[in-house]
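Work through the following exercises with the structure open beside you, and try each task before you read its solution.

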Amino acid sequence: MGIAVSKYSDISSNELVAKFCSKEVICPNDPFWNQLLSFNIQIPTNANEQLMFDSSAESLLQKFLQNNPQTGNFGSLVQVFITRATELLAAPNSDNVMLAWQSYNALFVVRAVAKYLVELVPEYEVCKHLDVQAAVAPPPDQSRPSSSPENEQRSNESRVEMLIDALIGLIIDVPVTDNTYYLHLECINTLLVLMSVYMFSGVHGQTKLVETSLIYRTLFQGRYSMHAATLVKTLLTNLCLMKPAPPQFGDTGPGSMLINIASSLWSMLTFAPTARQTIYTNTPLDRTELMSRLKLEHSVANQSCLLLLALANHCINDDNMYRTALLQCEDTAETSTKETNASVTAPRIDMAALHKALCCTAGCEHSTLLLYLMLHSCKAYKKHVSQVPDIENLIVPILQVLYNAPESNSHHIYMSLIVLLILTEDDALIKNVHLIMLKNLPWYTERSISEISLGGLMVLVVVRALQYNMARVRDKYLHTNCLAAIANMSCEFRNLHPYVSQRLISLFETLTKRRTRLCSEIEGDSIGLPHHISVCDVEKTEEIIEHIAVLDEVLRMLLEIINSCLTHQLVNNLNLVYALLHKKQLFQQHQHLHIAQNIEMVIGYFSTRLQRVQEGAGGDLGVNEVLQCIKKGAEQWSSDRLKKFPDLKFRYVEEDRPEEFFTPYVWALISVCGNIYWASECGTRAAGDLLA
C-alpha cells in the first residue's frame, strides 16, 4: 500500500501491511498509521475480485490472527479510525476530502480484518481481538496526543461499542457527497460485517448468538433509542436519492488522489456538479442488469436498503426500535402529525420519493422485501400507494418477477405474490387497475398482445404462475396466495381481454383433466392389486390422493372466482361468458358443487339464446355475431337469478414467529444482493445454511 496505488497482488509483499500483522506493537499515535493509510485501492466489486483480494492477504492475515492477541494492533487501528472520524465530525467542513479519504482507508482495513475474523472465529473472539491493549510506552515522536479527556471517559467502554458509535455517527451526521460517498459505503458495509456474526453463528456452533452477542446488544438494547429514527430516516433517504457512485480513488491511476482533490475544489468554485445517469433516468428492463447496476452504480442506496432490512428483521418481537421507527414513518407531505405513545420518534419521510425508489428497483429481491414490509405494516406508505395514479409503475415490475418464475427463487416469487395480495385488498385499487391500459410489453413473450388492462395482465400473469406452481413446485402457500389475489379482484373484473378469459378457463380445464387422470390411475391400481403391496406403492398412492385433494381445493376456488365475476360483473365480461360457452361441457362434471350451479345457469341461459339466434340465421355464427348475441343477452340478464354467496375477500396474515423466516432470508439476500462478498469456503457454507 503506501502512497502508490495498490493492486491486490501487491498486498502480500507490502512492508507496511506486514508490519501491521507482525509481532511489533504499534500504538494508536504512532506515525506509522499515516504511512499505512495513504493508499488508493479498488473495493472488490464481485466474488472473483474478493477471492483475489482474500488470496493476496491470506498469509498476512494468518500471522495477524496469531500476533494480534499480543500486539493489539487491530484495536489500535480501530482507535485511529475513531480519532479520524471524530475529527471529521467536528470539522467545520465535513466534506474535507483528505480527512474523508484517510477515514475511508482506515475503515477499509478495519472491515477487511473484521470480515476475516468473523468468518474464522466466534463473535466473542472477534470482540477480544478488538479490545486487546498491549502495555507499551508510546514513541517519543508523537504526531498526535496520546489521550484526550473523551478517550479517558470511554476507557472502560468496549471498542465494539466505540466503533459502532463512530459508524452510526458518520452515517447520520456526514452528508453523502462525492468526497464522502465511499466512506459512507464503508460505514454501512462495516456494520453489516459486524452484524454478519449472525450469519456465521451456525458455522461456529453458537445457537443463541443474538441473545449473548455484544454487537447485537450494543445495537438493539436501548443504546441508540435516541438515534434509531434518525438512522432509519438516513438509510431511507439514501435509498430515495439513489445517488450515483463517483469514481473510486485510484480509478485514474497514480496521482489520482490529487486529481480528485483538484476536481472537488473546482466543482465547489464553479457550482457545476457533473450530471450522471441514474437508474431513475435510464431504468433497465432486464432484472439481472438492474441488480448489477444497482450494486455498482448506486452502492450506498443498495447497501442502505440491506442494512435497513437487517436492522428491522432482527429481534422482531422484542420491541425493535429500528423496526418501530420504520413502520411508524410519516409522510412529509402530510401537514398534521399524529401523536403516538411509542418510545421511538416517528421519522418523516418523503413517501413519494420512497415510492419512486421502490418502483424503480421492485424487480430486485431485497427491494421486494422492503416493499412488502412497508405495504404490510407502514400505514403512511400504504396510504400513499392507495392514492398514486400510476400504480402500474409498482405492479408491472412485480408481475415481471412472477412471469419469470422459472428464473426466480421460490422466496422471491412468494414475496412478490404477497405484495400483490396486499395490493388487491384495496377496493379502490382493484377497480382502477382495469381502467389503466398498457401497450407494448416486451417482456411478455408468450403471446403478442398489443393492448391489455393492468388488471387483465395481473390475472394473466398470476394464472401463469399458478400453473407453473401446480405443475412443478407444488407449494401450497404459493397457489393459495395466487388464488387469493385473483379472488380479491374477481368482483371487479371488467372487460377482461379474450386471451385472459381463455387462459382462466383453460387452467380450469387442465386441472380438471389432471384430476380425472389421477383418479383413473388410482382406480386402475386398485383393480389389479397384488397380495403384497410395497411401501413404495403405498407412498405413491398417498401422494396421488394428496395431489387430488389440492386439485379439488384449487378447482373449487376457480369456480368461486368465476361465480364472483358473473355475479358482480357479467355485463362487463362478455369475453369470459364466450369462453364459458366454448367449454360448457367441462362444467357439467362439477354440477354436484353448489357454486357450479350458478355457472351452469349462466351457460344454460346464453346457450338457449345462441341456439335460437343460430336457428334463425340458418347456420353457424361467427365470433362477432356470438359476442353480439351475448351482449344483448347480458343487457336482459338479472343477477338475482343466481344463488347468493359471500363476497370473496382474503387478507394476508403474517405467520407467528416471523423472524424464523425473515431473519435468515435477509442474510441470504445480503450475501447475494450486497457488495460484501463471502468468497471463502466458510462463507459459502454459511450462506448455503441460511435457507436450508
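How many salt bridges does a search of the whole structure find? The model is a predicted one, and a search of the whole of it finds 24 salt bridges. The exercises below take up some of them and then turn to a pair of helices.

**Exercise 1.** Determine where arginine 293 and glutamate 297 lie, and decide for each residue whether it is buried, partly exposed or exposed.

*Solution.* Begin with the contact itself: arginine 293 forms a salt bridge with glutamate 297, and their closest N and O atoms are 3.1 Å apart. Finally, compare the accessibilities with the cut-off, since buried means under 20% relative accessible area. Arginine 293, at 11%, therefore counts as buried, whereas glutamate 297, at 30%, is partly exposed.

**Exercise 2.** Explain which parts of the chain the salt bridge between lysine 439 and glutamate 451 ties together.

*Solution.* The side chains of these two residues, lysine 439 and glutamate 451, meet at 3.9 Å, N to O. Lysine 439 is in strand 3 (residues 437-439) and glutamate 451 is in strand 4 (residues 451-453), so the pair ties together parts that are twelve residues apart in sequence. As for accessibility, lysine 439 is exposed with a relative accessible area of 55%, while glutamate 451, with 35%, is partly exposed.

**Exercise 3.** Describe how helix 12 and helix 17 cross, and state what kinds of residue make up their contact.

*Solution.* First consider the geometry: the axes of helix 12 (residues 228-241) and helix 17 (residues 351-361) come within 8 Å and cross at roughly 60°. The two helices, helix 12 and helix 17, are therefore oblique to each other, and their crossing is left-handed. Then list the residues, where Leu236, Leu239 and Cys240 of helix 12 meet Ala353, Leu354, Ala357 and Leu358 of helix 17. Sorted by kind, the residues of this contact between helix 12 and helix 17 are seven nonpolar, no polar and no charged.

Technical notes. Residues are numbered from 1 along each chain as its sequence is written. This is a predicted model: local features need pLDDT of at least 70, side-chain atom pairs count only at pLDDT 80 or more; totals for chains, interfaces and linings use all residues. Side-chain values use heavy atoms; hydrogens and water are left out. A salt bridge is a side-chain nitrogen of Lys or Arg within 4 Å of a carboxyl oxygen of Asp or Glu. Buried means under 20% relative accessible area, exposed over 50%, partly exposed in between (1.4 Å probe, protein chains only). Helices (H or I, at least four residues) and strands (E, at least two) are DSSP runs, numbered from the N terminus. Axes are lines fitted to C-alpha atoms, for helices over the stretch in contact, and angles run from 0 to 180 degrees between N-to-C directions. Angles under 35 degrees count as roughly parallel, over 145 as roughly antiparallel, 65 to 115 as roughly perpendicular and the rest as oblique. A crossing is left-handed if the near helix is turned anticlockwise from the far one by less than a right angle, and right-handed if clockwise. Contact means heavy atoms within 4.5 Å. Ala, Val, Leu, Ile, Met, Phe, Trp, Tyr, Cys and Pro count as nonpolar, Asp, Glu, Lys and Arg as charged, and the others, Gly among them, as polar.
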